[in-house]
Amino acid sequence: MFYRRKRFITAQDLRPDETVAVYGCGGRGRHLCREIAELAPNVSVCCFFDSYGDSSVDGLSVYRFDSAPQKLKAKVHIVIASYHWQEIAESLEKQGCENYSIADPNADGDTIHQSHLDGIVQGVESLAGFDKIYEDVRQLPADATKAVIHNDSDHSPLGLENTVWEGHLDHRDGKALKLAMADLPEHQITVLACNSDLGHSFYGSLARAGSTGNRLALIQTRPRKIKVFLMEDMGAVYIPISKCASTSIMALLQAAYESAGMAHGYSSPKTKFKYVDPETFPSDKFYCFSFVRDPLKRLFSLYRDKKNNPDWLIRRMGKGKKPSFEEFVDFVCACPDGLAEIHFLSQHMFITGNEGKLIPDYVGKIENFKRHCRELAKRLPVLEGIGHLNKSKGKPSINAADKSRLEPKLRKRYKRDYRLFYPE
């Protein structure tokens with residue numbers, strides 16, 4: 001499809017006193033709302049549109065576009081802020097919607113994402129000098145001396161045994177940070193405690209500044225939230241995992257849910273995205289399921305999809321060149337989950353609570369999608385008949401030689417994923 005250049009806009013291009021609906025309630029959409037509030041204060045953002053369920057984000061209602069009130073769609077200027085803008089724009093035009101624009105993919109919203117990816121690369125390079133990396137506070141040996149560094153001045157002590165120093169250091173001033181690190185008491189493990197999503201910047205800065213210890217711990221202290229796709233009427237919830245066909249699965253679920261809803265007595269099917277605390281999620285009220293993918297195939301799919309994108313991590317870790325798949329695997333194996341981008345984060349991180357317990361009642365495999373959907377349908381009849389995923393033809397696959405060489409590396413990196421879902 002050809003998109004007229006005038007459709008690509010920034011917040012400053014919006015007309016004063018215009019009413020806008022942002023299509024996409026993810027990171028790009030929320031960033032665009034903040035930009036509009038700062039740079040175009042006379043523009044009103046009334047809601048988000050999304051391709052799936054209804055919910056609310058940052059105090060704004062989120063409407064599934066297909067079921068949103070026609071009067072609302074007719075009166076607003078729709079601005080698409082999503083990594084899937086091409087598909088969304090094509091869908092809008094097929095529905096006869098002309099009053100839309102696309103948040104410029106080259107504007108500041110992407111700069112934040114690019115900075116994040118650069119931080120991951122720099123963080124991995126900085127971690128190379130440490131003998132051991134811990135990511136769970138429960139793994140830390142009690143008898144080792146520790147210096148605990150928080151990214152937030154307003155922090156709560158971790159209360160670890162044999163802590164010789166604990167406090168806040170500003171990681172944004174590299175020179176001052178290096179001096180402060182040199183003044184820390186001698187210790188064996190440097191514990192970096194981060195209470196935000198931007199751990200890559202904090203972890204990378206501290207690792208680059210040096211440490212008197214030869215072991216490092218990357219600890220997230222904020223309560224962890226998981227994203228779920230909630231189907232309230234049928235008491236079911238799907239937990240999507242990045243690069244596990246989650247977009248296709250949600251589209252299939254939505255279609256099956258709506259077409260079969262009436263037959264099963266759901267006169268007005270209700271679906272929505274929600275971020276929930278895995279420790280307090282009322283699992284007794286919902287049947288929860290998810291799908292995982294063989295870690296090697298998942299990573300190969302990511303590499304295949306992103307290798308030609310000059311703004312993505314693969315090109316960044318290759319310093320502008322296209323690294324081989326094996327080079328990408330080596331990079332991922334050197335990148336702990338504390339630094340990892342969501343697409344190659346360990347799969348168990350999406351579907352376990354803070355204590356490591358699996359949340360779903362059922363975990364299927366993409367490799368056996370049709371059979372596992374039939375099993376799911378015994379518990380959730382509305383899902384009967386969805387067992388088909390579109391497969392792209394002509395795409396390369398992993399050969400046997402590459403698999404035998406690379407899989408042992410990934411079995412170490414994704415040790416818990418293999419143990420839980422793909423044991424030998």
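Reply: Let's start with a word we will need: contact means heavy atoms within 4.5 Å. Helices (H or I, at least four residues) and strands (E, at least two) are DSSP runs, numbered from the N terminus.

Me: What kind of model is it, and how are residues numbered?

Reply: It is a predicted model, where local features need pLDDT of at least 70, side-chain atom pairs count only at pLDDT 80 or more, and totals for chains, interfaces and linings use all residues. Residues are numbered from 1 along each chain as its sequence is written, and side-chain values use heavy atoms, with hydrogens and water left out.

Me: OK, helices. Which residues of α10 meet α13?

Reply: Phe325, Glu326, Val329, Asp330, Val332 and Cys333 of α10 do. Their partners in α13 are Arg405, Leu406, Lys409, Leu410 and Arg413. That contact has six nonpolar, no polar and five charged residues. Here Ala, Val, Leu, Ile, Met, Phe, Trp, Tyr, Cys and Pro count as nonpolar, Asp, Glu, Lys and Arg as charged, and the others, Gly among them, as polar.

Me: At what angle do α10 and α13 pack?

Reply: About 15°, with the axes 10 Å apart. Axes are lines fitted to C-alpha atoms, for helices over the stretch in contact, and angles run from 0 to 180 degrees between N-to-C directions. α10 covers residues 325–333, and α13 covers 400–413.

Me: Roughly parallel or roughly perpendicular?

Reply: Roughly parallel, therefore. Angles under 35 degrees count as roughly parallel, over 145 as roughly antiparallel, 65 to 115 as roughly perpendicular and the rest as oblique.

Me: And where does α8 come in? How does it cross α13?

Reply: The axes of α8 and α13 come within 10 Å and cross at roughly 105°. The two helices are therefore roughly perpendicular. Pro295, Leu296 and Leu299 of α8 touch Lys403, Leu406, Glu407 and Leu410 of α13. By class, that contact has five nonpolar, no polar and two charged residues.

Me: What does α8 use to meet α10?

Reply: Leu296, Leu299, Phe300, Leu302 and Tyr303. On the α10 side are Phe325, Phe328, Val329 and Val332. This contact divides into nine nonpolar, no polar and no charged residues. The axes of α8 (residues 295–306) and α10 come within 11 Å and cross at roughly 115°.

Me: New topic: sheets. What is the strand order in the five-stranded one?

Reply: β8-β12-β11-β9-β10, an open sheet with parallel pairing. Two strands pair if DSSP finds at least two bridges between them. The twist averages 15° from one strand to the next.

Me: How many bridges join β8 and β12?

Reply: Three, in the parallel sense. One partner pair is Ile133 with Leu216 in β12.

Me: What about the seven-stranded sheet? Which strands are at its edges?

Reply: Its order is β1-β7-β6-β2-β3-β5-β4, with mixed pairing. The edge strands are β1 (8–9) and β4 (55–57), each pairing on one side only. Three bridges join β4 to β5 (residues 60–64), and these two run antiparallel. Ser55 has Val62 in β5 as its bridge partner.

Me: Which helix lies across that group of strands?

Reply: α1 (residues 27–39) lies across β2, β3, β4, β5, β6 and β7. α1 runs at about 170° to β3.

Me: Last one: how many aromatic pairs are there?

Reply: Nine. Rings of Phe, Tyr and Trp (its six-membered ring) pair if their centres lie within 6.5 Å; planes under 30 degrees apart count as stacked, over 60 as edge-to-face and the rest as tilted. Tyr23 and Phe49 form an edge-to-face pair, 6.4 Å centre to centre with 65° between the planes. Tyr23 is in β2 and Phe49 in β3, 26 residues apart.
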